[in-house]
Amino acid sequence: MKDPPLSGGGFFIDNRRKILILDSIMSEQLILICILGGLVALDNTEAFQTMLSQPLLVGPLVGLIFNDIYAGLKIGILFQLIYLWVMPIGTAIFPDPGIGSVVGCAGFIILCRMSPDKSNSVLLLLILFVFLFSLFAGWTLIKQRQFNSRLLPRADRYAERMQLRGFDSLFLIA
């Protein structure tokens with residue numbers, strides 16, 4: 001026998017099997033969050049650079065996906081204030097505010113649906129978690145750039161010889 005969904009959160013806990021089960025709406029929302037996270041990661045450095053990766057824009061978009069724009073805007077504003085000092089200059093390791101904001105806003109909305117009376121505690125824990133997660137995301141970005149710089153001489157050799165077979169494999173690796 002399944003327990004009823006918790007406060008419309010899109011999931012319920014099956015106590016018999018001790019698992020969390022997502023309904024189809026929550027699954028769709030999580031897929032949309034993953035797509036948004038990918039677009040935000042691309043916007044940060046690799047493509048577009050339309051400021052979509054700023055927490056002030058990410059928060060309401062996450063809130064729109066979860067039908068809670070107000071909570072998304074509040075968290076987006078808070079994370080934007082936290083990340084005001086981030087200046088991605090040179091090879092400095094900096095936190096990635098876009099990815100952190102997607103994770104933080106989605107986590108806040110989901111966890112507040114589970115226990116609405118503990119939103120302040122949830123917010124504090126998420127700020128700490130998201131900041132550490134953002135630092136890790138920034139570190140992986142630097143490592144990715146270092147890896148790609150090691151592949152560059154090999155790509156130049158393939159380009160000089162006009163060997164598309166080797167060049168396309170390097171493109172997929174990078």
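## Contacts along the chain

In this protein, 55% of the contacts with a separation of 6 or more are between residues 24 or more positions apart; a contact means heavy atoms within 4.5 Å. The model is predicted, so local features need pLDDT of at least 70 and side-chain atom pairs count only at pLDDT 80 or more, while totals for chains, interfaces and linings use all residues. Residues are numbered from 1 along each chain as its sequence is written, and side-chain values use heavy atoms, with hydrogens and water left out.

## Helices and strands

Let's follow the sequence: the pattern is β-β-α-α-α-α-α-α, giving two strands and six helices. Both are DSSP runs numbered from the N terminus: helices are H or I with at least four residues, strands E with at least two.

Of the 174 residues, 36% are buried, meaning under 20% relative accessible area with a 1.4 Å probe, protein chains only. The accessible surface comes to about 11100 Å², and 69% of that belongs to carbon and sulfur atoms; the areas come from the Shrake-Rupley method with a 1.4 Å probe.

## A look at Ser134

Ser134 sits in helix α5 (residues 119–161). Why does Ser134 count as buried? Its relative accessibility is 0%. Leaving aside residues up to four places away in sequence, Ser134 touches Tyr83, Phe94, Pro95, Asp96 and Gly100.

Notes:
Buried means under 20% relative accessible area, exposed over 50%, partly exposed in between (1.4 Å probe, protein chains only).
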